Amino acid sequence: MNIAFDATAILGPMSRNRGIGNYSLSQFTKMIEMDKDNNYFLINFFENINLFDTGSYGNIHEFYFDCGKDKFLLNQPEYKEIIGDIIKKFIKEHQIDIYYITSPFDGHIHPYEEDWFKGVKTVATVYDIIPYVLKDTYLSDKNSYKWYMNLVDMLRWIDKLLVISQSVKHDLVNSLNFDGEKIDVIWGAVDDIYKEISIATEDKKRIFTKFKIHSKYIMCTGGDDERKNLHGLIEAYSQMPQELISEYQLVIVCKLSNDSIERYTNLVKERNLENRVILTNFVSQEELIVLYNLATVMAFPSKYEGFGLPVVESWACGTPVLTSNNSSLVEIAGDGAVIVNPYDTKDITRGLVEILTNTDLKDLLNKGKERLKIFQWDIVAENAIKYINRLGESDARKVIEKKKIAYFSPLPPMQSGISDYSVDILNSLSEYFNIDVFIDDAYKVSCVLNSNIDVYNH
């Protein structure tokens, strides 16, 4: 089959170099590497670069379409049909069987229209529906709610939805009344760069000095979003016994806005936690991996996640985990983490005390590493390929079930208007019928006909 996928998740402004972008790039890199039966076509409206090593794989073809200054063709409504025409032409020229939408909730590209994909099966990845589940926080504005629900309606005509956790499937079915039969779970995964590493004494000293760490520490890789629950974690940390606060710092590793830094700094001062709570702000990927490796535990009491990468990244770096009892987090963690209620500060404190004083951290980590075996890119890619192939097989069965017609006519090289006309109408009819064409004896056709058209001398 010929499988097209867009570059929206990888290069779109909402997801580039972030969780969704990194997920999509890793997923398709592994799919292209593993799947030698299908051909892949990348349609890219964002940047004229090559994302994949075509020399190594041979089954990937990349196409860039310039959308003008500031990508005006992508974001101005009057040009939406131009994008639709490009996609329709692309599908026809490359005989695309499956079109894969990588980031259906991206706000920097026109929503896809069903009639762009006639005769083609569609697939989309859904990473979460957190804005709808927490709509009082994210969709309180009527215009935002309308925009989001329009994209939900787009998902309803897509043939197959691939989701990254059972929790996302549950939300789609129970909150938005999607048919569970059209949804399959392919999971998330941890990248190979997250691993246990040896850290030289001077490197540890350099990291500790840069971020003002001077003791053992609890790490949190959160985000500048109320849902990540950094406020609740700081409050819970402040309520631990003083001897534990003196023994363990809390190191919050993520990029924060100036307003957030001021807000959390004021909270730290109010709780008398200066020099005990560290806000690193942005760190490089190399520094993040070192910080994971050096942490005693990782605390991630998020209020809701579609997958929760910090959990699996921590396990991969050899760090035990505390996380939440909700959404995908509890399903991913299983018995490999201490579980808390993120909406209950006292319960987060209870979990922190438990993991630091009353838990066999080696045993907890071993359970996490056993869970980690599920969340690997080869499994994600294998699942995605399997479900896409099944979708293609169902389409192939429909082709087999087409009615057959017999068509009597001259064809090229016979020179006549009827010959030329017949080529055009036969290829169009073949979308709806299998066709046997009968021509005169003593010559063979010299024209391009679709694969379900057979020619016989009469």
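This is a predicted model: local features need pLDDT of at least 70, side-chain atom pairs count only at pLDDT 80 or more; totals for chains, interfaces and linings use all residues.
User: Is N177 buried or exposed?

Analyst: The cut-off for exposed is over 50% relative accessible area. N177 has 67% relative accessibility and therefore counts as exposed.

User: Where does N229 lie, and what is its phi?

Analyst: N229 is in the loop between β8 (216–220) and α11 (230–238). Its phi is near 70°, again a positive value in a residue other than glycine. N229 is buried, with a relative accessible area of 6%.

User: Which residues does a cis peptide bond join?

Analyst: A cis peptide bond joins P412 and P413, with omega about 20°. P413 belongs to the loop between β14 (404–408) and α20 (417–429).

User: Which residues of helix α9 are buried?

Analyst: In α9 (residues 166–176), the buried residues are S167, V168, D171, L172 and L176. Viewed down the axis of α9, they fall within an arc of 140°, so they line one face of the helix.

User: What covers the buried residues of α9?

Analyst: The cover includes the strands β5, β6 (160–163) and β7. It also includes the helices α6 (130–133), α8 (142–157) and α16 (327–333).

User: What is the order of the strands in the open sheet?

Analyst: Strands of a sheet pair through backbone hydrogen bonds, either parallel or antiparallel. In this model an open sheet of 7 strands has the order β3-β2-β1-β4-β5-β6-β7, and the pairing is parallel. Its edge strands are β3 (60–64) and β7 (183–185), each of which pairs on one side only. Neighbouring strands of this sheet are turned by 20° against each other on average, direction ignored.

User: How many bridges join β4 to β5, and how many join β5 to β6?

Analyst: Strand β4 (residues 98–101) is joined to strand β5 (residues 121–126) by 4 bridges, and the two run parallel. In this pair, Y100 stands opposite V123 in β5. There are 4 bridges between β5 and β6, which also run parallel.

User: Which residues stand opposite each other on the two sides of β6?

Analyst: T125 stands opposite L162 in β6. L162 in turn stands opposite D184 in β7. The strands β6 and β7 run parallel and are joined by 3 bridges.

User: Which way do the side chains of β6 point?

Analyst: In a regular strand the side chains alternate between the two faces of the sheet. From β6, K160 and L162 point one way, while L161 and V163 point the other way. All of these residues are buried.

User: At what angle do helices α10 and α14 pack?

Analyst: Helix α10 (residues 201–211) and helix α14 (residues 285–294) pack at an angle of about 100°, with their axes 11 Å apart. Angles of 65 to 115 degrees count as roughly perpendicular, and α10 is therefore roughly perpendicular to α14.

User: Which residues make the contact of α10 with α14?

Analyst: On α10 they are K204, I207, F208, K210 and F211, and on α14 they are E287, V290, L291 and L294. The residues of this contact divide into 6 nonpolar, no polar and 3 charged.

Key. Residues are numbered from 1 along each chain as its sequence is written. Side-chain values use heavy atoms; hydrogens and water are left out. Two strands pair if DSSP finds at least two bridges between them. Axes are lines fitted to C-alpha atoms, for helices over the stretch in contact, and angles run from 0 to 180 degrees between N-to-C directions. Buried means under 20% relative accessible area, exposed over 50%, partly exposed in between (1.4 Å probe, protein chains only). The arc is that of the directions from the helix axis to the C-beta atoms. Contact means heavy atoms within 4.5 Å. Angles under 35 degrees count as roughly parallel, over 145 as roughly antiparallel, 65 to 115 as roughly perpendicular and the rest as oblique. Ala, Val, Leu, Ile, Met, Phe, Trp, Tyr, Cys and Pro count as nonpolar, Asp, Glu, Lys and Arg as charged, and the others, Gly among them, as polar.
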